[in-house]
Amino acid sequence: MAIVMEIVHRMAASDLCRRAARMLHTSVYRAGGGNALILQWSQAPTTRRNWGDALNPVLAKWLSGKRVIHSRYISKRLDDTVHMAVGSILHTLHSPNTVVWGTGFIDSRHELKAVPREVRAVRGPLTRRKLVDMGVACPEVYGDPALLVPFLYRPAVKKKRQLGVILNHMERTPGIIGRFHGSGVHLIDMNAGIRRVVDEALSCSMIASSSLHGVILADAYGIPNVWLKLSDRPVGDDFKYRDYLASAGRPSEPLQPPDHCSGRALENCILDRFDYRQAAIDLRPMVRACPFMTERALDRIMAGLDASGNHLLLHT
């Protein structure tokens, strides 16, 4: 009983801390005349440091020029606009005041908890089809906002490695990581920080990724890449991968090595089956649809897209 009561007290203290933080952030937000961007993104313990999720406040601040506050810290009694951008988090949408820009579902079986105020863009056509089937108006405007990262961070990195492998955060287990022991691949940790992940990816000539944002990162920087399927551990039924790949005009079947492959044999299997088709997506409609982008950021991005010769910014 003593242990149970201790757990209850800790939960109560944690709840009080959350309430206090929400009251403080709400007061600061109001005092600033609402001059901040309220954004919802995943802060689950298993994903909060993950590249795509951690990118949200950084990218939103650069695009908007505003301080970014997570929606969990703002009183739900306020009717201010909540934004959604990077991530497979549509099933977690909780505010009817939400404006969706580039988000998607993670699983074909998921439903909305609340109807958003407006949908400006979604990650791909499969997400749009689900929304339309639910009676939610959704334009045919596609793209993951993470594709815009090269405008924010564009380092000059020399190629040092042939093949980089990015694992979904659910696959960073001793068993799956151990399959690459003895190979020559470079394993990239998506929790290593936004810049470091980009730097390590750019040091590779090819990327095989079981992380969706590993594929998206590689597309953004023009690195040949494939969707790698090593297990069923990633959350969802592969909906998010097929959703993004459909938006990019890419094949939606993964490279799936035999379970018995490991070490150098696994590396060779990936290289032998590596079938890359360059992403073909016009990002301009998605960029124009952003509900919080400054004119300065818009002009810079549009100029870069127009100058690239391809509407998806490619550079190596």
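Guide: Start with one pair of residues. Gln-40 has Met-84 in S3 as its bridge partner. Keep in mind that this is a predicted model.

Visitor: What makes strand S1 and strand S3 a pair?

Guide: Count the bridges. Pairing takes at least two bridges between the strands. Two bridges join S1 (residues 36-40) to S3 (residues 82-84), and the strands run parallel. So S1 and S3 meet the cut-off of at least two.

Visitor: Which sheet do S1 and S3 belong to?

Guide: They sit in an open sheet of five strands, ordered S2-S1-S3-S4-S5, with parallel pairing.

Visitor: Why are S2 and S5 called edge strands?

Guide: Look at their partners. Strand S2 (67-70) and strand S5 (118-122) each pair on one side only. On average, neighbouring strands of this sheet are turned by 30° against each other, direction ignored.

Visitor: How do you know that helix H2 packs on this sheet?

Guide: Check the contacts. Contact means heavy atoms within 4.5 Å. Helix H2 (residues 51-64) touches S1, S2 and strand S4 (98-103). The direction of H2 makes about 145° with that of S1.

Visitor: Which residues meet where H2 packs against H6?

Guide: From H2 come Trp-51, Ala-54, Leu-55 and Val-58. They meet Ile-194, Val-197 and Val-198 in H6.

Visitor: Why are H7 and H8 called roughly parallel?

Guide: Use the angle again. The axes of H7 and helix H8 (residues 239-247) come within 10 Å and cross at roughly 20°. The cut-off for roughly parallel is under 35 degrees. Roughly 20° is under it, so H7 and H8 are roughly parallel to each other. H7 passes H8 in a right-handed crossing.

Visitor: What residues meet between H7 and H8?

Guide: H7 brings Leu-212, Val-215, Ile-216 and Asp-219. H8 brings Lys-240, Tyr-241, Tyr-244 and Leu-245.

Visitor: Which sheet does H7 pack on?

Guide: An open sheet of four strands, in the order S7-S6-S8-S9, with parallel pairing. Strand S7 (186-188) and strand S9 (225-227) stand at its edges. Each has a single partner strand, so one side of each is left without a neighbour in the sheet. Neighbouring strands here are turned by 25° against each other on average, direction ignored. Helix H7 (residues 212-220) touches S6, S8 and S9, and its direction makes about 160° with that of S9. Helix H9 (residues 263-273) packs on this sheet too, touching S6 and S8.

Visitor: What makes S6 and S8 a pair?

Guide: Five bridges join strand S6 (residues 161-166) to strand S8 (residues 204-209). The cut-off is at least two, so S6 and S8 pair. In S8, Ser-209 is the bridge partner of Ile-166.

Visitor: Why is Asp-107 called buried?

Guide: Asp-107 lies in the loop between S4 and S5. Its relative accessible area is 5%. Buried means under 20%, so Asp-107 counts as buried.

Visitor: What makes the link between Asp-107 and Arg-109 a polar contact?

Guide: The distance is part of the test. The two side chains make their polar contact at 2.7 Å. The limit is within 3.5 Å. Leaving out residues up to four places away in sequence, Asp-107 touches Lys-130, Gly-236, Asp-237 and Phe-239.

Visitor: How do you know that Leu-148 is buried?

Guide: Leu-148 is in the loop between helix H3 (125-133) and helix H4 (149-152). Its relative accessibility is 0%. That is under 20%, so Leu-148 is buried. Beyond four places away in sequence, Leu-148 touches Trp-101, Leu-283, Met-286, Val-287 and Ile-301.

Visitor: How many of the protein's residues count as buried?

Guide: Of its 316 residues, 53% count as buried.

Terms used
Residues are numbered from 1 along each chain as its sequence is written. This is a predicted model: local features need pLDDT of at least 70, side-chain atom pairs count only at pLDDT 80 or more; totals for chains, interfaces and linings use all residues. Side-chain values use heavy atoms; hydrogens and water are left out. Axes are lines fitted to C-alpha atoms, for helices over the stretch in contact, and angles run from 0 to 180 degrees between N-to-C directions. Buried means under 20% relative accessible area, exposed over 50%, partly exposed in between (1.4 Å probe, protein chains only). A polar contact is a pair of N or O atoms within 3.5 Å; within protein, one must be able to donate a hydrogen and the other to accept it, and residues adjacent in sequence count only if both atoms are side-chain atoms. Angles under 35 degrees count as roughly parallel, over 145 as roughly antiparallel, 65 to 115 as roughly perpendicular and the rest as oblique. A crossing is left-handed if the near helix is turned anticlockwise from the far one by less than a right angle, and right-handed if clockwise.
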